[in-house]
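Work through the exercises below with the sequence and the 3D view open. Try each task before reading its solution.

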Amino acid sequence: NIPFYTAPMSRGLIPEDHPVSFPAARSTAMREADVVLVVGTRLNWMMNYGKRFNPSARIIQIDIDESELGHNQNIELGIFGDAKAVMAQFNEAADGNRSDFAGALESPWVANLRQADEERSSRSAPILNSDQTPIHPLRLCKEITEFLDRDAIVSVDGNEILHFGRQSIPTYYPGHRLNSGVTGTMGVGLPYGIGAKVAKPDKQVLVLHGDGSMGMNAMEIDTAVRHNLPVVTVISNNAGWTARTPDKRKPGRELGHTAFDKMAEALHGYGERVEDPAEIKPALDRAFSSGKPAVVN
């Protein structure tokens, strides 16, 4: 019953609808926590080298690489060992003291995190349900979330859409969320999706790309067609690298609205262009039902 947060590639290790999952209150939790257990996670730039935590928090760190213990942040206790083995030992010890944790779900701190999570989620509701055009990325993410099976594998690649997807698309199973990782290797989205479909042919596999990152490896549509791998790629196409400036321009970053859907058709896949948010789910249904590698642009 300890509130938890996962690094991007470990999402789904615990289902994100768990009673102590508060994704919209991540910053609050890290700022207020008095004890932090870091399991098999480097305190690298994604964690602001440990400075995202309350400065007075007592940090317990488990890592299989002894040199990572206290590497970027002073810690109270370092445990040198395999995360799975150490956590199994923790569970064994905790099983004998279950009564100690009985009230944790109703502790004031957990209640405050739950409230913060609900308040921030409610602030996003107007955008998640917005009918605006061009389609807001959060509305796109909401439609994808509502369409997908609970055990769908999602690969996300890009810049803005990566962050919007991180905020709003949940994951419930280990290994079912793939992204470019700590080194930000853009272009991996569709290749990862192809790999996932080979590994799990019976699962829904959806790749969510920005148009810039899609441009790096778009010819992998051809690979998917040649090997009959019906991966569905959705492109949040804002015609350039990152967002527009207030004057609606992207100096040096304009890519235009590339017709990736037509490219998919030319390579004998399925392609569809969507401009109305109400058409996202029907388009996803047609893409998955086509039985072909598909692009929804």
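**Exercise 1: Charged pairs**

The count comes to 16 salt bridges, where a salt bridge is a side-chain nitrogen of Lys or Arg within 4 Å of a carboxyl oxygen of Asp or Glu. This is a predicted model: local features need pLDDT of at least 70, side-chain atom pairs count only at pLDDT 80 or more, and totals for chains, interfaces and linings use all residues. Residues are numbered from 1 along each chain as its sequence is written, and side-chain values use heavy atoms, with hydrogens and water left out.

Task: Find which parts of the chain the salt bridge between Asp-151 and Lys-203 links.

Solution. 
- Step 1. Take the distance: N to O is 2.7 Å in the salt bridge of Asp-151 and Lys-203.
- Step 2. Place the residues. Asp-151 lies in the loop between helix H4 (137-147) and E4, and Lys-203 in the loop between helix H6 (189-199) and E6. They are 52 residues apart, so the pair links distant parts of the chain. Helices (H or I, at least four residues) and strands (E, at least two) are DSSP runs, numbered from the N terminus.
- Step 3. Check exposure. Buried means under 20% relative accessible area, exposed over 50%, partly exposed in between (1.4 Å probe, protein chains only). Asp-151 has 26% and is partly exposed. Lys-203, at 23%, is partly exposed too.

**Exercise 2: Two further pairs**

Solution. 
- Step 1. Lys-262 and Glu-265 form a salt bridge at 3.9 Å, N to O.
- Step 2. Glu-272 is buried at 13% relative accessibility. Arg-286 is partly exposed at 35%.

**Exercise 3: Strand E4**

Task: Are the faces of E4 covered or uncovered, and which strands pair with E4?

Solution. 
- Step 1. E4 spans residues 153-157, and five of its five residues are buried.
- Step 2. Sort them by face. Ile-153, Ser-155 and Asp-157 are on one side, Val-154 and Val-156 on the other, and both faces are covered.
- Step 3. Find the partners. Two strands pair if DSSP finds at least two bridges between them. E4 runs parallel to E6 (residues 205-210), with five bridges. Three bridges join E4 to E5 (residues 177-179), again parallel.
- Step 4. Look at Val-154. It stands opposite Leu-206 in E6 and opposite Arg-177 in E5.
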